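Below is a briefing on a metal site and the helices around it. The structure comes first, then the points by topic.

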Amino acid sequence: MSDDGPERGDRLEALGRAIARFNADRAWGPFHTPRDLAMALCIESSELLELFLWKREGEIPGRERLEEELGDVVICMMNLAAKLGVDPIAAATAKLVKNAAKYPVAAAHGRATKWDELAAEAGADRGEARPEGEDDGTAAAR
Ligand SMILES: [Mg+2]
């Protein structure tokens, strides 16, 4: 099985059907509002993050707990995507294309620099200096 061939999509679709069946068997549809599903996704992501809390640099949590929390994140993502009618593979593929434009290989290779800083560097390379003190709106978010 390849990593990105049609088999992967078939497995994701099968997972989506299994999740839908799981939810239907429990009549959980009324609880699955977009707001609550988005919150559940963030909460499960936090549970994944919690596994790394207070660990030493490079220390990896136990495999079983990691797989459980990653599984929860995927289930919540699939529930939210289904509720909103979003194809998660199409959405991720489209975002990958956008990210490729934001992170050109020549500028981003081997660097963990945020896209706006890469863009500013590219602008500076072209002689387009950002005015002193100009905030592009991302400074407060960092
Ligand atoms: Mg969990």
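Leaving aside neighbours within four places in sequence, which residues is Glu69 in contact with? They are Glu44, Glu47, Leu48 and Leu51, where contact means heavy atoms within 4.5 Å. This is a predicted model, in which local features need pLDDT of at least 70, side-chain atom pairs count only at pLDDT 80 or more, and totals for chains, interfaces and linings use all residues. Residues are numbered from 1 along each chain as its sequence is written, and side-chain values use heavy atoms, with hydrogens and water left out.

**Magnesium site**
- Glu44 (OE), Glu47 (OE), Glu69 (OE) and Asp72 (OD) coordinate the magnesium ion at 2.0 to 2.3 Å.
- Donors are N, O and S atoms within 2.8 Å of the metal (3.2 Å for Na, K and Ca); water is not among the atoms, so sites may look incomplete.
- Along the chain, the donors follow the spacing E-x2-E-x21-E-x2-D.
- Glu44 in helix 2 (residues 34–50) and Glu69 in helix 3 (residues 63–84) are 25 residues apart, a pair that links distant parts of the chain.
- Helices are DSSP runs (H or I, at least four residues), numbered from the N terminus.

**Burial and helix 2**
- Glu69 is buried, with a relative accessible area of 5%; buried means under 20%, exposed over 50%, partly exposed in between (1.4 Å probe, protein chains only).
- Leu37, Glu44 and Leu48 are buried in helix 2.
- They cover an arc of only 50° around the axis, so they lie on the same side of helix 2; the arc is that of the directions from the helix axis to the C-beta atoms.
- Helix 3 is included in what covers the buried residues of helix 2.
- Arg35, Cys42, Leu49 and Glu50 are exposed on the face of helix 2 turned away from its buried side.

Note on methods. Helix = DSSP H or I, 4+ residues; strand = E, 2+ residues; numbered from the N terminus.
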